[in-house]
2 protein chains.
Amino acid sequence: MSLVIVGSMAFDEIDTPFGNSGRVIGGSCTYSSISASYFAKDIKVVSVVGNDFPEEAMTMMRNKNIDLAGVDIKKDEKSFFWHGRYHNDLNSRDTLVTELNVLGTFNPVLPESYKQTDFLFLGNLSPEVQRSVIGQVTNRPKLIAMDTMNFWMDIALEELKKTLKLVDLLIINDEEARQLSGEYSLVKAARKIKEIENEFLLSKTGEHDALLFRRTGIFFAPALPLEDVFDPTGAGDTFAGGFMGYLAKTGDTRFENMKRAVIYGSAAASFCVEKFGTQRLEELSEQEISKRVEKFVKLVDFTIETVEAMES
Amino acid sequence: MSLVIVGSMAFDEIDTPFGNSGRVIGGSCTYSSISASYFAKDIKVVSVVGNDFPEEAMTMMRNKNIDLAGVDIKKDEKSFFWHGRYHNDLNSRDTLVTELNVLGTFNPVLPESYKQTDFLFLGNLSPEVQRSVIGQVTNRPKLIAMDTMNFWMDIALEELKKTLKLVDLLIINDEEARQLSGEYSLVKAARKIKEIENEFLLSKTGEHDALLFRRTGIFFAPALPLEDVFDPTGAGDTFAGGFMGYLAKTGDTRFENMKRAVIYGSAAASFCVEKFGTQRLEELSEQEISKRVEKFVKLVDFTIETVEAMES
């Protein structure tokens, strides 16, 4: 089934304790569409870049069956640029430089061929921009998911709530869920946020875990314990892309299948962090993903016959 | 099978964002033995208290089949006292008061009836004291587990390593594992620590997760997402006690059974944090534990046919 992804395509420069990445391609749309491409075959991207965005990167994406008809190339402008430095624990980072460039006036326009879509993923953009995309889709997708961040909660909370009402699934990290709900307990936070919308996915990036909340239950997927985390940039977008890609591949939004989508998203994210930028993600094979998913299965596998165990 | 637990029995005073506990009973031995008592029937405790430790607390423990013959009551001294204040997120805390009192000269002596034991759990004490206990056991227990903390890594690392060589299982949190190994990656940390000993259990307290590393594999158990965490004090000891109690109940130290022990320990810990001190833990029923274990089973349950999924 088809999947439309809206978000940034950008340049990043990343400092980690292991070195400097130099200027590499990044952006939520880049990570999530590459990740989704390992699952879904009909992916359409809406983004904006300057004339500096490398043609090779676009070719790499097209070779993964990613439709770039919705990417607006601004001939006289520059692409979004972010430079960040991770702390030693790789769990926190400082932003050194943010140059909005073309993203400052990003006003996504869906090509005609995008307007009927089965799945829609809205990367972290202003809530108004996200809403304008939903308004351009002519059918009601099977599932609309969105990302957001603290910044929008700080400056545009009411707008954000309006957008939330139109989507099925929110993908944010635990701190964002706490800020949005005003509740520390994630169970309570999820309940409050679900009062606005139907479902709620909580995702932590990097080495962390994913919690899927739905009316019918809660599902937890741990992050794979990894030998090394080299660069956490893009892990959350890669997770979301794998998750949405798996849903689009299967066309099945029941809770049991969404759990599987979480596992596939986590598997994709676990590769993303192994090298700088999109490097590791670009070169994945389905066999590698499959093997990593098997590791997940083993990691959480146990058998308990609860009644029997307590009566023995 | 029999389980000997060595550690502190103490008074705590706890400040959380929800209020002050007043003076309540606490200590690693108290939490872990009460927790273990829901699984194992032959639990023997080695500890030291002053004349101020309440007889009702001792009676409560005896009523749970906990043998207190190894508890030294120092008639003219006071019990260990700790006063701590949790930060708003309940994940970190400051120590306001520590009065070692009787614990300052604690030199555990095993009663004759304790010297043959199937399982031995050494709470967080100085590595020399832990070693002296191992020296008093006349058989080789099926499994010896120990807790420790950063403090001993700072001031007595070589002593700690000597003790580690004598035990099968180390129960610490992730920061302690990182400090002990000098490795940030928990996978690498576990491998380094396993070079010293055989097995390695990593436990985070409170709302957090447990990772069990063994040569043959890694097992992850999430913390149950709770509505409310009221007081995280003792959660780690409760986890360890439930874990050891389940092993002692079943007498089975194979990896598959240790995984189950992790789940039961986590279930016990999830109750501990619901009220101040040992309050919630004292009043548990086996049915409540069983129900919570069922929640764990559901929380991580998913089905993936990996090969099939990738080929479809």
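**Note on rings, core and a buried asparagine**

1. In chain B, Arg23(B) places its charged end over the ring of Phe81(B), at 4.8 Å from the ring centre; this is read from a predicted model. A further case is Arg178(B), which lies over the face of Tyr184(B), 3.9 Å from the centre of that ring.

2. The largest nonpolar core contains 212 residues, and those with the most contacts inside it are Phe243(A) and Phe243(B). Once neighbours within four places in sequence are set aside, the contacts of Phe243(B) are Leu169(B), Ile171(B), Leu201(B), Met258(B), Ala261(B), Val262(B) and Gly265(B).

3. Asn257(B) belongs to helix H9 of chain B, residues 255-272, and is buried, with a relative accessible area of 3%. Its side chain reaches the backbone oxygen of Asp252(B) at 2.8 Å. Not counting residues up to four places away in sequence, Asn257(B) touches Tyr246(B), Leu247(B), Thr250(B) and Asp252(B).

4. Over all chains, the whole structure holds 19 aromatic pairs. One of them joins Phe39(A) and Tyr246(A) edge-to-face, with 6.3 Å from centre to centre and 80° between the planes. Because Phe39(A) lies in the loop between helix H1 and strand S4 of chain A, and Tyr246(A) in helix H8 of chain A, the pair ties together parts 207 residues apart in sequence. Phe39(A) is buried at 4% relative accessibility, and Tyr246(A) is buried at 5%.

5. The rings of Phe230(B) and Phe276(B) have centres 4.7 Å apart and planes at 75°, so this pair is edge-to-face. Phe230(B) counts as partly exposed at 26% relative accessibility, whereas Phe276(B) is buried at 11%. In chain A, ring pairs link Phe18(A), Phe230(A) and Phe276(A) into a cluster.

Key: Residues numbered from 1 in each chain as written. Chains lettered and ligands numbered in written order. Predicted model: local features only at pLDDT ≥ 70, side-chain atom pairs only at ≥ 80, totals over all residues. Heavy atoms only, no water. Core = buried A, V, L, I, M, F, W, Y, C linked by side-chain atoms within 4.5 Å. Buried < 20%, exposed > 50% of the residue type's maximum accessible area, 1.4 Å probe, protein only. Contact = heavy atoms within 4.5 Å. Helix = DSSP H or I, 4+ residues; strand = E, 2+ residues; numbered from the N terminus. Polar contact = N/O pair within 3.5 Å; in protein donor to acceptor, adjacent residues only side chain to side chain. Phe/Tyr/Trp six-rings, centres within 6.5 Å; stacked < 30°, edge-to-face > 60°. Lys NZ or Arg CZ within 6 Å of the ring centre and 35° of its normal.
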